[in-house]
Amino acid sequence: MGDSVAKCSWIPKELSDDSYNFSLYGTCPMEEYYYLREYLSNHSAPQVLIYSQQITHMINAEAFWSRSVYFHRMSKDDLQDLEREIRLYDESPIFEGKNFKTEEFLYQTFSPVKYSEAFFKGMLSGKRYQKNRHEYLALNRSKGQTYFGTAEYCDDIFDAAAEMKNFKADEILDVYFRKIIELCEENNIRFIFQSSPFNKSTYEVLSGAMVSDYLTYMDSIQSDYPDAVINADIFYYDNEYFGDMVHLNERGAVKYSREMRKKYKDIFEG
């Protein structure tokens with residue numbers, strides 16, 4: 001599970017026959033907790049859950065409205081549960097001062113304020129359904145994995161990470177990250193956090209203070225949940241393995257997946 005970096009990096013066919021990539025573009029721990037809870041209410045629990053998350057998605061939820069809510073991925077009950085939770089954290093900036101109930105209503109009712117552009121584009125494009133159907137079937141065949149950047153080489157700098165001078169996890173996202181681990185423990189699921197690489201260009205300009213703060217935070221998670229496995233090391237791949245400034249290309253994803261299969265041999269070959 002995780003965000004788009006995880007969705008392109010973990011290739012199930014390179015790992016094992018019973019692996020599945022359940023990551024989603026732009027998600028952070030807040031949404032992923034509800035998706036995992038939903039999954040467990042409809043399926044038997046997996047033996048292991050490996051979670052990969054970009055550093056930036058521990059401090060913001062920029063795709064919450066535009067992805068998870070826009071596409072009605074979160075149920076109304078889960079949105080109401082989230083609203084009750086966030087009332088406890090008035091200082092969190094992740095919702096950018098938006099009125100939660102108002103935004104929820106506009107999306108739930110498919111208000112023209114939110115959907116008029118998509119509506120008119122849909123009217124003008126007769127191939128929208130066919131394209132979506134093609135993507136859906138492709139994701140089924142790949143067991144959830146897909147690519148975002150497709151360049152053969154990318155040395156662009158990921159500014160959102162490079163501009164971070166220090167790191168402090170958002171209160172709400174920290175709560176939900178812990179909720180995911182606790183939900184795994186309740187269901188006897190082995191939880192592993194595994195970081196993904198930066199491209200070399202970004203890695204070379206990361207703030208030392210930010211990296212130190214982040215690793216200290218992850219050490220605290222490990223201390224609070226000793227049964228979890230927290231592998232949060234910051235590392236890089238050469239720029240040739242990236243399809244854009246954030247996402248691995250196919251060559252990079254194969255390299256990463258094969259390294260992870262070897263690293264977690266007891267899981268994927270056990």
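Reader: Hi! Is W10 buried or exposed?

Author: In this predicted model, W10 is buried, with a relative accessible area of 8%.

Reader: And where does W10 sit?

Author: W10 is in the loop between α1 (4-9) and α2 (12-15).

Reader: How far is W10 from G144 in space?

Author: Their C-alpha atoms are 9.3 Å apart, although W10 and G144 are 134 residues apart in sequence.

Reader: Nice. Switching to cysteines: how many disulfides turn up in the whole structure?

Author: Zero disulfides are found when the whole structure is searched. Take C154: the nearest cysteine sulfur belongs to C8 and is 12 Å away, and C154 is in no disulfide. C184 is in no disulfide either, and there the nearest cysteine sulfur is that of C28, 16 Å away.

Reader: Why is C154 in no disulfide?

Author: A disulfide needs two cysteine sulfur atoms within 2.5 Å, and the nearest one to C154 is 12 Å away, so C154 has no partner.

Reader: OK, salt bridges next. How many are there?

Author: The search of the whole structure finds 15 salt bridges. Side chains of opposite charge can pair when their charged atoms come close.

Reader: Which residue does E83 pair with?

Author: E83 forms a salt bridge with K101, and their closest N and O atoms are 3.4 Å apart. This pair links distant parts of the chain: E83 is in helix α5 (residues 76-86) and K101 is in helix α6 (residues 100-108), 18 residues apart.

Reader: How accessible is E83?

Author: E83 has a relative accessible area of 9%, so it counts as buried.

Reader: What about the bridge between R178 and D174: how far apart are the closest N and O atoms?

Author: For R178 and D174 that distance is 3.0 Å. The two are separated by about one helical turn, because they are four residues apart in helix α10. Both R178 and D174 are buried.

Reader: Now charges. Which residues form the negative surface patch?

Author: That patch is formed by D155, D156, D159 and E163. E163 lies in the loop between α9 (159-162) and α10 (171-186).

Reader: Is E163 buried or exposed?

Author: E163 is exposed, with a relative accessible area of 56%.

Reader: Next up is D224. Where does D224 lie?

Author: D224 lies in helix α12, which covers residues 208-224. D224 is partly exposed, with a relative accessible area of 43%. The C-alpha atoms of D224 and F177 are separated by 12 Å, with the two residues 47 apart along the chain.

Reader: Last topic, backbone angles. What is the phi of H72?

Author: Phi of H72 is near 55°, which is a positive value in a residue other than glycine. H72 is in the loop between α4 (64-69) and α5, and H72 is partly exposed, with a relative accessible area of 27%.

Reader: And what phi does F110 have?

Author: F110 has a positive phi of about 55°, although F110 is not a glycine.

Reader: Where is F110 found?

Author: F110 is found in the loop between α6 and α7.

Terms used:
Residues are numbered from 1 along each chain as its sequence is written. This is a predicted model: local features need pLDDT of at least 70, side-chain atom pairs count only at pLDDT 80 or more; totals for chains, interfaces and linings use all residues. Side-chain values use heavy atoms; hydrogens and water are left out. Patches are made of residues with over 30% relative accessible area and no salt bridge: like charges are joined within 9 Å, nonpolar side chains (Val, Leu, Ile, Met, Phe, Trp, Tyr) within 5 Å. Accessible areas come from the Shrake-Rupley method with a 1.4 Å probe; for residues, only the protein chains shown count as cover. A salt bridge is a side-chain nitrogen of Lys or Arg within 4 Å of a carboxyl oxygen of Asp or Glu. Lys and Arg count as positive and Asp and Glu as negative; His and the chain ends are not counted. The place of a charge is taken as NZ of Lys, CZ of Arg, CG of Asp or CD of Glu. Buried means under 20% relative accessible area, exposed over 50%, partly exposed in between (1.4 Å probe, protein chains only).
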